[in-house]
Amino acid sequence: MSYFPWLTILVVLPIFAGSSIFFLPHRGNKVFRWYTICICLLELLITTYIFCYHFQLDDPLIQLEEDAKWINVFNFHWRLGIDGLSIGPILLTGFITTLATLAAWPVTRNSRLFYFLMLAMYSGQIGLFSSRDLLLFFIMWELELIPVYLLLSMWGGKKRLYSATKFILYTAGGSIFLLIGVLSMGLYGSNEPTLDFDRLANQSYPVTLEIIFYLGFLIAYAVKSPIIPLHTHTVPDTHGEAHYSTCMLLAGILLKMGAYGLIRINMELLPHAHSIFSPWLVIVGAIQIIYAASTSLGQRNKKKRIAYSLSHMGFTIIGIGSITDMGLNGAVLQILSHGFIGAALFFLVGMSCDRIRLVYLDEMGGISIPMPKIFTMFSSFSMASLALPGMSGFVAELVVFFGLITSPKYLLMPKILITLVMAIGMILTPIYLLSMLRQMFYGYNFFNVLNSNFVDSGPRELFVSICILLPVIGIGIYPDFVLSLSVDKIQAILSNYFHR
């Protein structure tokens, strides 16, 4: 047990400091903006401090553990702890949220509430990645819904109410399965209910029951980090309508919560069911890569076209399904890599929409001349997204490829087929991204209109883009920095599969 409650401070600080934003004197939006950014920076500094001074990289066990009784009747505890698997997403959350508050500068309507909701999401995300108790995990999972719903329905586009309602119906529907799974796992078998991850990891279930639990959790995750049949609420609608700073949080962090839960709960606590389901995960991942990339080509709306870059989450699912060291490390790397790249692409798309007031690609053209900086940034992140060597996407997808090929679980023919499908997906990605670049930035459409009021990106936007570009290139050149976080933890998870 650690003596100082570092993690509790991380979880509680944003939402409490955020709720005091309503008591600040109203002297324009500047006060609220700077207040929110200071809170985000403080939180990021504390996270970095914990990571540098209180976190041992080579220790696969849970660190900085906290355990306090919360509700006596249920024997419900406030249990937090981090390990190599959760420190990456926590740092990603801090980084992306800080930049998203900076990106939300143009929001002027009801800005107090807007920034408070962003901070509330921050708390929920950190809480989810550091919780060591199933019910606490579920509570943090639900804490996300209300802020996202309000951010969508109040600051979204034309169809914002429709997409917000659709979002909350889908995610709340998925959460019902999660809650049933959490309660049945907690109440199963023993005399007193236990929701502690460490005790549940040693629990064994009848195979049929384990498969039912696994399916329940899988449905909830499939809705959150959209896995193919259940993706329709998030991808076209939510991302198409939300304000771009909200999109950064959705694409950068929210979609990663599902993949994280898949590793954290399904792989660690339900290993038998996972080894039964893993071939299906690999197949679904391969279908997702092809399907999303080819659907993206048909989108005229540029926000929706970027939203379909969730085809890259297919690599994460394949990595999780490969049950190898390499594959799982690649999946964790892809979670972080796609977090950075997705957030950046949404930021750039939203920013250019603000400038030119057009969303449809066929109405655009020739923007590269009045806006060279936006063009440069957009091109760099498109290259990162289509897995250019030297960028983080390339390393992650390569490691997943190797993981799948070296997996002892599958026969040679299926491996070759899946690899072929993944390769086709990697060819389709450049097609939809580069055709979008061509339609937006080249051509003569705009020269017919006398638009002298195009403004290129200012210092704030350039700062946000470069801040995200640096880790993308950094991970691409030296991926060991990220891999060294999770490698011991992943070996510990996989030792389960080969011992049982």
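The crossing of α6 and α7 is right-handed; a crossing is right-handed if the near helix is turned clockwise from the far one by less than a right angle, and left-handed if anticlockwise. This is a predicted model, where local features need pLDDT of at least 70, side-chain atom pairs count only at pLDDT 80 or more, and totals for chains, interfaces and linings use all residues. Residues are numbered from 1 along each chain as its sequence is written, and side-chain values use heavy atoms, with hydrogens and water left out.

Helix α7 covers residues 160-187. Helices here are DSSP runs (H or I, at least four residues), numbered from the N terminus. The axes of α6 and α7 lie 8 Å apart, at an angle of about 165°. Axes are lines fitted to C-alpha atoms over the stretch in contact, and angles run from 0 to 180 degrees between N-to-C directions. The two helices are therefore roughly antiparallel (angles over 145 degrees).

Which residues of α6 meet α7? They are L145, I146, V148, Y149, L152, S153 and M154. Their partners in α7 include R160, L161, F167 and I168. Contact means heavy atoms within 4.5 Å. The residues of this contact divide into 11 nonpolar, 5 polar and 1 charged. Ala, Val, Leu, Ile, Met, Phe, Trp, Tyr, Cys and Pro count as nonpolar, Asp, Glu, Lys and Arg as charged, and the others, Gly among them, as polar.

Helix α6 (residues 145-155) also packs with α4 (residues 111-130). Their angle is about 150°, with axes 9 Å apart. That makes α4 roughly antiparallel to α6. This crossing is left-handed. L113, F114, L117, A120 and M121 in α4 meet α6 residues including P147, L150 and W155.

Methods:
Parallel < 35°, antiparallel > 145°, perpendicular 65-115°, else oblique.
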